[in-house]
Each structure stands twice: as structure tokens, then as C-alpha cells.
Amino acid sequence: DGDATVEPAHEALLRQWQLLNRWLEEEQAALSTLESVKRATTEWIGNGADTAAPEWLEHRGLRLPAAEEVMAREDFSIVAGAQATRYIAACRQAENAEAAREATRLEQLREHVDRNRRLQRRGFVLLVAAFATLIAGVAGVLSVVQGLNQRRSETLAALARQALNEG
């Protein structure tokens with residue numbers, strides 16, 4: 001009669017469709033990560049792979065462990081291929097090198113802070129010593145002045161007695 005009709009070839013396909021859909025939902029994050037690894041691998045290879053600038057290694061920080069986890073799965077590793085495995089290894093190597101540089105930089109900063117603290121302590125000790133020397137100097141000057149004043153008073157008293165005795 002000319003009308004086209006579609007009949008499912010297998011009812012099992014319709015029954016399994018929900019299972020497939022649920023699996024896709026569960027694996028969505030892993031599949032997304034797998035696609036980003038494949039795309040980044042293609043760009044990395046296109047820019048010279050091992051000689052490419054580190055900027056082509058996109059999987060860093062929190063993205064790298066997720067990519068490593070996906071690539072650790074045999075099914076995804078096979079789909080991604082050996083070049084993706086090399087790419088993830090290069091990302092890990094770059095991440096480790098960056099972590100080592102950062103650790104070195106932090107150690108240098110720690111040493112700089114320690115050195116500054118030592119210098120501050122020395123400066124404080126020198127300031128206290130200078131202040132103590134100043135106080136001792138002022139006390140010495142006051143003692144000399146007091147001694148001179150006492151001598152002058154004694155001399156004046158002696159002159160006054162002498163003048164009374166003579167006069």
C-alpha cells in the first residue's frame with residue numbers, strides 16, 4: 001500500500017536502551033575526560049610532542065589525576081591509544097618538575113625569611129647594646145658633673161671658711 005513503517009528488529013534493543021543510557025550518564029565525566037585527553041594529545045603531537053612547549057600539556061593540577069585515572073582503565077586506554085599514554089606521562093613529568101621548582105622556591109623563601117629574622121634579632125641586640133651604652137654614657141657624664149659640682153661646693157665652702165677665719 002506504499003506506506004513505510006518502522007518496526008524494531010529486536011525488542012531487546014528497546015529494553016537495553018535504558019541500561020545504555022544509564023551507563024552513559026554514569027560514565028559522562030570519564031568520557032568527557034577521555035575526549036579532552038584525546039584532543040590535547042592530538043594538539044600536543046601536532047606541535048612537536050616531546051619538543052612542544054609545556055603550554056601544550058593541558059592536563060595539570062586537578063585535571064591531571066582525573067586524566068590519569070581514566071587512562072588507568074584498560075578500556076579507555078585502548079580507545080585513547082599509546083600516544084595519549086605518552087601525553088599523560090609528559091603531563092605528569094611536567095607537573096613533577098613544576099612541583100620540584102616550587103619546592104625549591106619555597107625553600108629559598110624560607111631561607112630568606114630565616115636570614116631576615118636572624119638579622120632582625122641581631123639588629124635588636126645591637127639597638128639594645130647601643131641604648132645601654134648611651135645610658136651608661138649619660139650616667140657617667142652625670143656622675144662627672146655631680147663630682148665637679150661637689151668639688152666646687154667643697155671649694156666654695158673652704159673659701160668661705162677661710163674668708164671667715166681671715167676676716
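Predicted model: local features only at pLDDT ≥ 70, side-chain atom pairs only at ≥ 80, totals over all residues.

Reader: Where is Glu27 found?
Author: Glu27 sits in the loop between helix 1 (11-26) and helix 2. Helices here are DSSP runs of H or I with at least four residues, numbered from the N terminus. Residues are numbered from 1 along each chain as its sequence is written, and side-chain values use heavy atoms, with hydrogens and water left out.

Reader: What makes Glu27 count as buried?
Author: Its relative accessibility is 14%. Buried means under 20% relative accessible area, exposed means over 50%, and partly exposed is in between (1.4 Å probe, protein chains only). At 14%, Glu27 therefore counts as buried. Leaving aside neighbours within four places in sequence, Glu27 is in contact (heavy atoms within 4.5 Å) with Arg73 and Phe76.

Reader: And why is Arg161 called exposed?
Author: Arg161, which lies in helix 5, has 51% relative accessibility, so it counts as exposed. Arg161 and Ala139 are 22 residues apart in sequence and 32 Å apart in space, C-alpha to C-alpha.

Reader: Why are helix 2 and helix 3 called roughly perpendicular?
Author: The axes of helix 2 (residues 28-46) and helix 3 (residues 63-72) come within 9 Å and cross at roughly 100°. Axes are lines fitted to C-alpha atoms, for helices over the stretch in contact, and angles run from 0 to 180 degrees between N-to-C directions. Angles under 35 degrees count as roughly parallel, over 145 as roughly antiparallel, 65 to 115 as roughly perpendicular and the rest as oblique. So helix 2 and helix 3 are roughly perpendicular to each other.

Reader: Which residues of helix 2 and helix 3 meet?
Author: Among them are Ala30, Leu34 and Ser36 in helix 2, and Arg63, Ala66 and Met71 in helix 3. By class, this contact has seven nonpolar, two polar and two charged residues. For those classes, Ala, Val, Leu, Ile, Met, Phe, Trp, Tyr, Cys and Pro count as nonpolar, Asp, Glu, Lys and Arg as charged, and the others, Gly among them, as polar.

Reader: How do you know that Ser36 is buried?
Author: Ser36 has a relative accessible area of 15%, so it's buried. The side chain of Ser36 reaches the backbone oxygen of Thr33 at 2.8 Å. Not counting residues up to four places away in sequence, Ser36 touches His59 and Arg63.

Reader: What about helix 2 and helix 5: why are they roughly perpendicular?
Author: Their axes come within 9 Å and cross at roughly 85°. Helix 2 and helix 5 are therefore roughly perpendicular to each other. Val37, Thr41 and Trp44 in helix 2 are among the residues that meet helix 5, where the partners include Ala84, Tyr87 and Ile88.

Reader: Is Ala84 buried or exposed?
Author: Ala84 has a relative accessible area of 0%, so it's buried. Leaving aside neighbours within four places in sequence, Ala84 is in contact with Val37, Thr41 and Met71. Ala84 and Leu34 are 50 residues apart in sequence and 9.4 Å apart in space, C-alpha to C-alpha.

Technical notes:
Helix = DSSP H or I, 4+ residues; strand = E, 2+ residues; numbered from the N terminus. Polar contact = N/O pair within 3.5 Å; in protein donor to acceptor, adjacent residues only side chain to side chain.
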